[in-house]
Amino acid sequence: MPVGIEAWITQIPPVTRSWLLAAVLTSLAVQCQLLTPLQLYFSPKSAFTNLQPWRSLTTFFYFGTFSLDLIFHLFFFMRYSRMLEESSFAHRPASYLYLLTFSAVLLLVLSPLFNLPFLSSSLAFVPIYVWSRRHPSTPISLFGLVTITAPYLPFALVAFSWVLNGTWKAAAGDLMGCLVGHIAWFIRDVWAREMLGGDSVLSEPPPFLQRMMGDI
């Protein structure tokens with residue numbers, strides 16, 4: 001069994017794999033009481049005024065305690081993040097990491113408006129949204145009950161998260177992720193290519209990151 005799990009993990013593209021492992025290890029650390037959510041959440045005051053900058057990173061790794069909601073978010077994040085990294089960003093891990101980093105910065109800027117201390121589910125919805133816009137005609141079967149086309153997938157998952165948690169506020173982070181995903185997709189696929197006629201500093205990673213990640 002360990003050999004099978006190790007083989008499965010190594011088949012996941014590097015950026016998705018690193019994020020998934022960080023999220024699982026963070027939840028395990030909280031579950032084992034090695035860390036508390038109070039040490040991980042993000043707020044501008046805690047991160048910058050109180051000089052605790054790690055919160056700008058840990059907020060993207062903590063999906064909550066082990067629950068059905070945690071499984072839901074990790075499953076769909078891993079599925080569509082992996083598909084996006086293997087298709088649109090194949091052999092370009094720096095470009096995918098740059099997309100997620102750009103999205104994470106936007107989420108940090110917007111988080112005070114939504115009063116969201118944890119942004120993991122929001123960032124997880126970014127690759128789901130971008131993948132859905134890049135595969136607009138792909139049919140998706142939701143739990144074997146209904147078939148929709150890919151662009152409706154993020155909103156169907158937001159609605160399911162709402163039902164799962166029982167309150168609309170619980171889905172606010174997912175909606176915020178859809179908003180940032182739309183901005184990221186628009187900058188890369190519409191603004192940069194159709195309006196500028198090529199890549200820009202907002203759509204492509206800097207050369208040093210490409211060299212570090214092996215893109216060039």
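Analyst: The helices meant here are DSSP runs of H or I with at least four residues, while strands are runs of E with at least two, and both are numbered from the N terminus. The model is predicted, so that local features need pLDDT of at least 70 and side-chain atom pairs count only at pLDDT 80 or more, whereas totals for chains, interfaces and linings use all residues. Residues are numbered from 1 along each chain as its sequence is written, and side-chain values use heavy atoms, with hydrogens and water left out.

The stretch 97–130 has a label in a record: the unreviewed UniProt entry annotates it as "transmembrane region", together with residues 20–42, 54–77 and 142–164. UniProt positions are given in the numbering used here and feature names are shortened, but such annotations may be inferred rather than shown by experiment. Another of these spans, residues 142–164, is 52% helix and 22% strand, with its end C-alpha atoms 15 Å apart.

Helix α6 covers residues 93–114, and Tyr-96 is found in it. Tyr-96 counts as buried because its relative accessible area is 0%; buried means under 20%, exposed means over 50%, and partly exposed lies in between, with a 1.4 Å probe and protein chains only. From Tyr-96 to Leu-113 there are 17 residues along the chain, and the C-alpha atoms of the two are separated by 26 Å.

Helix α7 covers residues 120–134 and contains Arg-134, which is paired with Asp-189 in helix α9, 55 residues apart, so that the pair links distant parts of the chain. Helix α9 itself runs over residues 172–195. The link is a salt bridge in which the closest N and O atoms are 2.7 Å apart, the term standing for a side-chain nitrogen of Lys or Arg within 4 Å of a carboxyl oxygen of Asp or Glu. Side chains of opposite charge can pair when their charged atoms come close. The two side chains also make a polar contact at 2.7 Å, which is a pair of N or O atoms within 3.5 Å; within protein, one must be able to donate a hydrogen and the other to accept it, and residues adjacent in sequence count only if both atoms are side-chain atoms. Asp-189 counts as buried because its relative accessibility is 17%, whereas Arg-134 is partly exposed, with a relative accessible area of 21%.

A search of the whole structure finds two salt bridges, and another pair is formed by Glu-86 and Arg-82, whose closest N and O atoms are 3.1 Å apart. Glu-86 and Arg-82 are separated by about one helical turn, because they are four residues apart in helix α5 (residues 68–87). Glu-86 counts as partly exposed because its relative accessibility is 41%.

Turning to the loops, Gln-33 lies between α2 and α3 (44–49), and Leu-51 is found between α3 and α4 (55–58). Most residues other than glycine have a negative phi. Gln-33, however, has a positive phi of about 65°, and Leu-51 has a positive phi of about 55°. Gln-33 counts as exposed at 71% relative accessibility, and Leu-51 counts as exposed at 66%. Pro-37 also sits in the loop between α2 and α3, and is partly exposed, with a relative accessible area of 33%.

For the whole chain, the secondary structure comes to ten helices and two strands, which follow one another along the sequence as α-α-α-α-α-α-α-β-β-α-α-α. The radius of gyration is 17 Å, close to the 17 Å that the globule rule gives for 216 residues, so the protein is as compact as a globular protein of that length; the radius is taken over C-alpha atoms, and the rule is 2.2 Å times the number of residues to the power 0.38. The C-alpha atoms fill a box of roughly 50 × 45 × 45 Å, taken along the principal axes, and buried residues make up 47% of the 216 residues.
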